[in-house]
Amino acid sequence: GILPTRLASFSKPRSAHGRPYSKIAKPADISNNKETLDKLGIALFSGICVLSAGLGYWQVKRYFWKHDLIATIVASASQPPIQLPPSLDQQHLRSRITPMLGKRL
């Protein structure tokens, strides 16, 4: 009758979650999955390290570029004023002081 069927279903080994062990991954599958996750974790961590090193290199390079740019601007601004030439060369006039005459409207 009904009683032996219920007892048979309760007598199957079950996991802590109440599922039969047959539906849970076998130990070989778990170790293979763990190896895959370990490799994925190592690859992810390595990628983060490489990205951080690249960004650090870029920041150091940018720092020295900016430092040289500021030094160039300070050196140009500290030179005496120049008269504007007929043709405006932007590189020649960059950060230079020029006197101007005009009327205030």
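Author: Start with the whole chain. Its secondary structure comes to three helices and zero strands. Read along the sequence, the pattern is α-α-α. This is a predicted model, so confidence comes next. The chain averages a pLDDT of 77. Of its residues, 66% score at least 70.

Helix H2 covers residues 27–77. Go to Leu-51, which lies in this helix. Is Leu-51 buried or exposed? Its relative accessible area is 54%. The cut-off for exposed is over 50%, so Leu-51 counts as exposed. Together with Leu-55 and Trp-58, Leu-51 forms a nonpolar patch on the surface. The three residues have about 330 Å² of accessible area together.

Move on to the aromatic rings. A search of the whole structure finds one aromatic pair. Tyr-63 and Phe-64 form that pair. The ring centres are 5.2 Å apart, and the planes stand at 75° to each other. That makes the pair edge-to-face, because planes over 60 degrees apart count as such. Phe-64 has 49% relative accessibility. That value falls between 20% and 50%, so Phe-64 is partly exposed.

Now take Ser-76, also in helix H2. Its relative accessibility is 14%. Buried means under 20%, so Ser-76 counts as buried. What does Ser-76 touch, leaving out residues up to four places away in sequence? The contacts are Arg-94, Ser-95 and Arg-96. Buried residues make up 5% of the 105 residues in the chain, and Ser-76 is one that counts as buried.

Helix H3 spans 90–93, and Pro-99 sits in the segment after it. Pro-99 has a relative accessible area of 41%. Pro-99 is therefore partly exposed, as the value lies between 20% and 50%. Neighbours within four places in sequence aside, Pro-99 is in contact with Pro-81, Ile-82 and Gln-83. Take Gln-83 from that list. Pro-99 and Gln-83 are 16 residues apart in sequence. In space, their C-alpha atoms are 6.7 Å apart.

End with the surface of the whole chain. Its accessible surface comes to about 10,000 Å². Carbon and sulfur atoms account for 66% of that surface. The nonpolar patch of Leu-51, Leu-55 and Trp-58 is on the surface too.

Methods
Residues numbered from 1 in each chain as written. Predicted model: local features only at pLDDT ≥ 70, side-chain atom pairs only at ≥ 80, totals over all residues. Heavy atoms only, no water. Helix = DSSP H or I, 4+ residues; strand = E, 2+ residues; numbered from the N terminus. Buried < 20%, exposed > 50% of the residue type's maximum accessible area, 1.4 Å probe, protein only. Contact = heavy atoms within 4.5 Å. Patch = residues over 30% accessible without salt bridge, like charges linked within 9 Å, V, L, I, M, F, W, Y side chains within 5 Å. Areas by Shrake-Rupley, 256 points an atom, 1.4 Å probe, with all protein chains shown as cover. Salt bridge = Lys/Arg side-chain N within 4 Å of Asp/Glu carboxyl O. Phe/Tyr/Trp six-rings, centres within 6.5 Å; stacked < 30°, edge-to-face > 60°. pLDDT = per-residue confidence, 0-100.
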